[in-house]
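The following report examines selected local features of the structure shown below.

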Amino acid sequence: MNPFRLSVEQLEKKARAVRRRIIMLNANSPAGGHTGADLSQVEILTALYFRLLDCAPERTEDATRDIYIQSKGHAVGGYYCVLAEAGYFPESWLPTYQHADSHLPGHPVKHKTPGIELNTGALGHGLPVAVGIALAAKKDNSKRRVFVVTGDGELAEGSNWEAALVAAHYGLDNLTIINDKNKLQLAGATSDILNTDPLDEKWRAFGMNVTECAGNDMRAVVETLENLPANGKPNVVIAHTEKGFGISFIQSKPEWHHRVPKGDEIEQAMEELKDE
């Protein structure tokens, strides 16, 4: 069972706290950061870690725990902020993000950071490994669930679709794939760089249950993840998000893929993220 089980209202407040951490984390990084991608996934990760996942900091070696994999590894900054909020490592580590000898490198590294389940960064690797973990759990008759978040641009990688074939073939209903569909990637709109739409039809053709939700609406995210179909198929949630969500001058701006706030931008962002 999740140790927090926060209400939707509490999760919304937690998400604002996570966003404030993301701004300061990236502002202090000597090597930049992926601010836009960090921000688009906040509701998803907050709902998972503070309500839905059966895992906890003291259970990182528990063979029955749920597994979360951050396949869009470049958005690790937002992931670190969630893990710190959830108690997986000291909050004092956050200002060391991407500094020399830090426990918090620019992509997830399992042996450096408590709570990280898989080294990711090369896009398209997270889902195949998640499928393997889910298949192993099935063979062990384990109740473990596996969740993986991918970017929508990441779905141009063919390894994702090979993994989808395997997941459907083995009926991995313990696997949930969440697409952070923020519609932007490194240099512009995903639809212009390599259009992956219609995603819903593609996933269904590969044998998945497909559900869509407003990915930056906490109530919609929670209700969707708590009411997924249970019919012997893997689940895919297409979460329609906005890159940089929550900060007016970052939201939906492609240039914030690999940019960090500076000077007055920090103050403005923090003002916009104050608790209501």
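## Histidine 34

Histidine 34 is buried in this predicted model, since its relative accessible area of 12% falls under the 20% limit for burial. The residue belongs to the loop that links α1 and α2. Residues up to four places away in sequence being set aside, histidine 34 touches Asn26, His74, Trp256, His257 and His258.

## Serine 40

Serine 40 is part of helix α2. This serine is buried, and its relative accessible area is 0%.

Which residues are in contact with serine 40, leaving aside its neighbours within four places in sequence? They are Lys72, Asp180, Asn182, Asn216, Thr241, Glu242, Lys243, Gly244 and Phe245. Valine 210 is 170 residues from serine 40 in sequence, and the C-alpha to C-alpha separation of the two residues is 20 Å.

Helix α3 is largely enclosed by the rest of the structure, because 11 of its 11 residues are buried. The buried residues of α3 include the charged residues Glu43 and Arg51. Also buried in this helix are Val42, Ile44, Leu45, Thr46, Ala47, Leu48, Tyr49, Phe50 and Leu52.

Helix α4 spans residues 76–85 and is mostly covered, with 10 of its 10 residues buried. Among the buried residues of α4 are Val76, Tyr79, Tyr80, Cys81, Val82 and Leu83, together with Gly77, Gly78, Ala84 and Glu85. Against which elements do the buried residues of α4 pack? Their partners are the helices α1 (8–27), α2 (35–40) and α3 (42–52), and the strand β1 (67–70). After α4 comes glycine 87, which has a positive phi near 90°.

## Positive phi outside glycine

Asparagine 141 is not a glycine, yet its phi is positive, at about 55°. This asparagine is located in the loop between α5 (126–139) and β2 (146–151). Is asparagine 141 buried or exposed? Asparagine 141 is exposed, because its relative accessible area of 72% is over the 50% limit.

Serine 252 is another residue other than glycine with a positive phi, in this case near 65°. Serine 252 is placed in the loop between β7 (235–240) and α10. With a relative accessible area of 38%, serine 252 is partly exposed.

## A cis peptide bond

Aspartate 197 and proline 198 are joined by a cis peptide bond, with omega about 0°. Proline 198 is found in the loop between α7 (190–194) and α8 (199–205).

## A negative surface patch

Which residues form the negative surface patch? Glu12, Asp217, Glu223 and Glu276 form it. Of these residues, glutamate 276 is located in the segment after α10, a helix that covers residues 264–272.

Conventions:
Residues are numbered from 1 along each chain as its sequence is written. This is a predicted model: local features need pLDDT of at least 70, side-chain atom pairs count only at pLDDT 80 or more; totals for chains, interfaces and linings use all residues. Side-chain values use heavy atoms; hydrogens and water are left out. Patches are made of residues with over 30% relative accessible area and no salt bridge: like charges are joined within 9 Å, nonpolar side chains (Val, Leu, Ile, Met, Phe, Trp, Tyr) within 5 Å. Accessible areas come from the Shrake-Rupley method with a 1.4 Å probe; for residues, only the protein chains shown count as cover. A salt bridge is a side-chain nitrogen of Lys or Arg within 4 Å of a carboxyl oxygen of Asp or Glu. The place of a charge is taken as NZ of Lys, CZ of Arg, CG of Asp or CD of Glu. Helices (H or I, at least four residues) and strands (E, at least two) are DSSP runs, numbered from the N terminus. Buried means under 20% relative accessible area, exposed over 50%, partly exposed in between (1.4 Å probe, protein chains only). Contact means heavy atoms within 4.5 Å.
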